[in-house]
Amino acid sequence: MHFIWPEVLWLSLLIPLSVLGYLWALRRKRTAAVYYPSLGLIRPAMGHGQRLRRHLPPALLCLALALVLFGAARPMARVTLPADYLTLVLAMDVSRSMLAEDVPPNRIVAAQQAAKSFVQELPDHVRMAVVSFAGNAQLVQGVTDQKDLLLDAIDSFQLQRATATGSGLLVALNTLLPESAVDLESLLYGAEFKSGSLVAQGHPFAGRSLDQRPAPSPGNQKTLPVGSYTAGAVILLSDGRRTTGPDPVEVAKWAASQGVRVYTVAFGTPDGFIPGFEGFSFYARVDEAALQKVAEITGAEFFRATNASDLASIYQHLSSKFTLERRDTEITALLVAVAAALALLAMGLSMRWYRH
């Protein structure tokens with residue numbers, strides 16, 4: 001929890017002062033005492049409850065005052081609320097390394113099955129698009145809420161050579177933010193990519209890092225706080241290392257500047273192995289460091305899945321996250337409402353108990 005006006009909290013010193021004032025008032029009342037020959041005459045009439053309840057209305061008023069002063073500082077609490085209408089873009093690696101059989105029957109089949117279960121469990125307010133990437137990236141299914149179209153798109157994956165993780169992320173971001181007007185043709189199919197740069201040779205910003213150039217659209221875009229984009233997110237699954245295309249970490253920096261979260265999933269075991277592919281056998285290991293960095297930069301989460309069950313659990317977790325999301329919400333109105341209820345209760349009890 002944090003406060004918009006924290007300096008107002010100094011007014012909370014009024015609370016102990018009010019308690020001291022109440023105790024002082026009680027001591028003054030004792031001077032007007034009535035003497036009885038024996039306490040046994042009045043104790044049965046007063047009772048233990050009678051002695052305590054006289055302090056209840058003032059205590060309620062003091063608590064109401066504390067809530068009002070606390071609310072005056074405009075507290076912001078992170079609460080769980082129903083998510084708004086969201087757009088998710090699922091970017092999946094379809095490189096040949098997905099043939100590795102460390103996840104039975106192989107990585108691609110297990111990933112497709114988990115992704116389809118994820119689609120089927122999505123609530124109605126969530127739309128989705130599907131992007132595939134290998135040596136290049138393509139939009140397989142545009143944004144839709146028709147689950148049968150999404151399932152067909154996942155089933156249609158065709159494995160290809162190489163792994164262009166950054167290209168897949170770029171296409172996913174362009175799908176989520178079509179108004180960004182990123183020149184995808186130049187970015188994805190330029191003659192040469194500079195390491196550590198988002199853009200390809202031939203683009204107006206070629207060879208310049210994200211910190212040295214404007215945002216990759218013709219107009220001037222404002223930089224948004226990391227993770228502030230609440231209308232959607234990207235889920236990126238990969239099982240290998242980038243071998244071509246732009247650096248996904250640099251792409252992630254631009255995503256972060258637009259407030260978009262990129263959740264990343266590293267799929268496969270360290271011993272992933274493709275036996276006898278085109279006369280060669282090789283290990284297929286995921287670049288976890290890059291995927292962790294992408295998630296970290298964009299304020300999202302990184303997941304590791306070494307089997308189909310892990311992947312299904314991750315998708316289930318993400319599905320619940322996009323159904324209910326945690327937001328920073330001002331709770332001043334709630335505190336004031338509770339304070340008003342306590343004040344009314346205190347006055348009501350006083351009128352009922354001491355109306356004579």
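Helices (H or I, at least four residues) and strands (E, at least two) are DSSP runs, numbered from the N terminus. By that rule the protein chain has 11 helices and 11 strands. This is a predicted model: local features need pLDDT of at least 70, side-chain atom pairs count only at pLDDT 80 or more, and totals for chains, interfaces and linings use all residues. Residues are numbered from 1 along each chain as its sequence is written, and side-chain values use heavy atoms, with hydrogens and water left out.

**Overall packing**

- Of the 356 residues in the protein chain, 42% are buried. Buried means under 20% relative accessible area, exposed over 50%, and partly exposed in between (1.4 Å probe, protein chains only).
- Contact means heavy atoms within 4.5 Å. Among contacts in the protein chain with a separation of 6 or more, 78% are between residues 24 or more positions apart.

**Helices α8 and α9**

- Helix α8 covers residues 248-257 and helix α9 covers residues 288-297. Their axes come within 8 Å and cross at roughly 10°. That makes α8 roughly parallel to α9.
- Axes are lines fitted to C-alpha atoms, for helices over the stretch in contact, and angles run from 0 to 180 degrees between N-to-C directions. Angles under 35 degrees count as roughly parallel, over 145 as roughly antiparallel, 65 to 115 as roughly perpendicular and the rest as oblique.
- On the α8 side, the contact uses Pro 248, Val 249, Ala 252, Lys 253 and Ala 256. On the α9 side, it uses Ala 290, Lys 293, Val 294 and Ile 297.
- The residues of this contact of α8 with α9 divide into 7 nonpolar, no polar and 2 charged. Ala, Val, Leu, Ile, Met, Phe, Trp, Tyr, Cys and Pro count as nonpolar, Asp, Glu, Lys and Arg as charged, and the others, Gly among them, as polar.
- An α-helix has 3.6 residues a turn, so residues three or four places apart point the same way.

**The buried side of α9**

- Ala 290, Leu 291, Val 294, Ala 295 and Ile 297 are the buried residues of α9. They pack against α6 (165-176), β6 (232-238), α8, β7 (262-267) and β10 (302-305).
- Val 294 lies in α9 and is buried, with a relative accessible area of 0%.
- Val 294 touches Leu 169, Pro 248, Val 249, Ala 252, Val 262 and Thr 264, not counting residues up to four places away in sequence.
- Val 294 and Val 249 are 45 residues apart in sequence, yet 5.4 Å apart in space, C-alpha to C-alpha.
- Gly 299 follows α9, and its phi is positive, near 75°.

- Ala 343 lies in helix α11 (residues 332-353). It touches Leu 61 and Ala 64, not counting residues up to four places away in sequence.
- Ala 343 and Ala 64 are 279 residues apart in sequence and 6.0 Å apart in space, C-alpha to C-alpha.

**Cavities**

- The structure holds 2 cavities of 30 Å³ or more. On a 1 Å grid over the protein atoms alone, a cavity is a set of points where a 1.4 Å probe fits but cannot get out, and lining residues have an atom within 4 Å of a point. A volume is the space filled by probe spheres set on the points, with grid points joined across faces, edges and corners.
- The largest cavity has a volume of about 50 Å³. Its lining is Thr 165, Ser 238, Gly 240, Arg 242, Pro 248, Asp 287, Ala 290 and Leu 291. By class, that is 3 nonpolar, 3 polar and 2 charged residues.
- The second largest cavity has a volume of about 30 Å³. Leu 122, Val 126, Arg 127, Met 128, Thr 144, Asp 145, Lys 147 and Leu 150 line it.
- β4 (126-133) and α5 (147-155) each supply at least two residues of this second lining. β4 gives the most, with 3 residues. The lining of the second largest cavity divides into 4 nonpolar, 1 polar and 3 charged residues.

**Backbone exceptions**

- Most residues other than glycine have a negative phi, and most peptide bonds are trans.
- A cis peptide bond joins Pro 104 and Pro 105, with omega about -5°. Pro 105 sits in the loop between β3 (86-93) and α4 (107-121).
- Arg 74 is not a glycine, but has a positive phi of about 55°. Its place is the loop between α3 (56-72) and β2 (75-82). Arg 74 is partly exposed, at 25% relative accessible area.
- Ala 162 also is not a glycine and has a positive phi, of about 70°. Ala 162 lies in the loop between α5 and α6, and is partly exposed, at 36% relative accessible area.

Terms used: 1 Å grid on protein atoms, 1.4 Å probe; cavity = no way out; pocket = protein on both sides within 12 Å on 5 of 7 lines; lining within 4 Å.
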